[in-house]
Amino acid sequence: MYRIRFHGRGGQGIKTAGRILGSAFFLAGFEVQDAPRYGAERRGAPLFAYVRADRRPIWERGIIRRPDLVAVADDTLVSLPAAGVLAGVAPPTVLLLGSSTPAAVWRERLRPPGLLLTLPLGEVWEPATLRFVGATLAGAAARLVGVIPREALERALREELAGLGPEVVEENLARALSAYDLLAEHAGCVTEGPELTAEDYERPHWVDLAPEEADLAAPAIHAPATSEAVPTGLWRTLRPVVDRSRCRRCAWICSTLCPDGTIGVDAQGFPVIDYRHCKGCLVCASSCPAHAIQVMPERQAAGE
Ligand code: SF4
Ligand code: SF4
């Protein structure tokens, strides 16, 4: 059975990547299971998608703990404990990182037990085309497993994205096929993992809490403003930037609508974004009546 785990951030199309790859496997004659996992958070939060594919019926369920391929859309996730990119990575797991940093550097940093490849950002997708990341990653994964013909990938992508219109489909398809072709020399490097037996079963890593009386068990707030301590700015892939020349200083709109309360107002009445906590949901940009909040890919912003 192939067990593939996608990692990305909300907004990068990782759920779609799982669907495209799952459909492509199906069209290539496999039984398939695909499921995303994400929390209540929105754009920018770490997100997972799992794909299992086998020639026989799949009885395994749940999250994938021992992946054959880990495909990561965004290399900033590697250092994020909540993303768990390296969880369960063991020989012969293949690690595919979407990154403009060379694979040799990542191998030195992570010393993975198996093959590590990078999908160079500059060659396959530019920062401005983050919305194509999911399809691109699906194309790359389809090539690495080596059992999905190009035609199956193309048909799967067309079917999965049909509702988005022909232009979006063609743009995504071009990226996916480009990644598929780019990784030709590694076709088949991902191999099927063994069947798991009952002895291999690992209990979920949760904590059993004994039932207590309400005065003990009810949630207790021990200190105010603890969310301050969580740097949700690390989740951001796109950055809202206020264009002061267009801003009308009606700051109650953007500052009120920001779900994280990260927009303050300076002495002149202009909005000021706290980038340590802004998670890049872009509610502010879409609700600004003056279109004064521009959207900039985080890599570009960091470069500038
Ligand atoms: S809503 Fe737009 S125009 Fe109004 S203060 Fe915010 S950025 Fe400026
Ligand atoms: S500042 Fe804008 S992008 Fe950042 S969290 Fe608030 S609404 Fe979302």
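Trainee: Which residues of H1 are the buried ones?

Mentor: In this predicted model, the buried residues of H1 are Ile14, Lys15, Thr16, Ala17, Gly18, Arg19, Ile20, Leu21, Gly22, Ser23, Ala24 and Phe25. A residue is called buried if 20 or more other C-beta atoms, placed from the backbone, lie within 10 Å of its own, exposed if there are 12 or fewer, and partly exposed in between. Since the model is predicted, local features need pLDDT of at least 70 and side-chain atom pairs count only at pLDDT 80 or more, whereas totals for chains, interfaces and linings use all residues. Residues are numbered from 1 along each chain as its sequence is written, while chains are lettered from A and ligands numbered from 1 in the order in which they are written.

Trainee: What makes H1 a mostly covered helix, and which elements do its buried residues pack against?

Mentor: Of the 14 residues in H1, 12 are buried, and that is what makes it mostly covered. These buried residues pack against S1, S2, S3, helix H4 (133-145) and helix H5 (150-161), where contact requires C-beta atoms, placed from the backbone, within 7 Å. The names come from DSSP runs numbered from the N terminus, with helices (H or I) of at least four residues and strands (E) of at least two.

Trainee: What span should the 14 residues of H1 have, and how far apart are its end C-alpha atoms?

Mentor: The expected span is 1.5 Å times one less than the number of residues, so the 14 residues of H1 should span 20 Å, and its end C-alpha atoms, at 20 Å apart, agree with that. Just after this helix, glycine 29 takes a positive phi of about 100°.

Trainee: Which strands are called the edge strands of the open sheet, and what makes them so?

Mentor: The sheet has 6 strands in the order S2-S3-S1-S4-S5-S6, with mixed pairing. Strand S2 (31-37) and strand S6 (116-119) are the edges, as each pairs on one side only; two strands count as paired if DSSP finds at least two bridges between them.

Trainee: Why is arginine 111 called exposed, and why does leucine 282 count as partly exposed?

Mentor: Arginine 111 has 8 other C-beta atoms within 10 Å, so it is exposed, whereas leucine 282, with 19 C-beta neighbours inside 10 Å, counts as partly exposed. Arginine 111 has a positive phi of about 45° although it is not a glycine, and phi of leucine 282 is likewise positive, near 70°.

Trainee: Which residues are closest to ligand 1, and how many surround it?

Mentor: Ligand 1 is surrounded by 13 residues, the closest being Cys247, Cys250, Ile253, Cys254 and Cys288; a residue is near a molecule or strand if its C-beta atom, placed from the backbone, lies within 6 Å of it. Around ligand 2 there are also 13 residues, with Cys258, Cys278, Cys281, Val283 and Cys284 the closest.

Note on methods
Contact = placed C-beta atoms within 7 Å.
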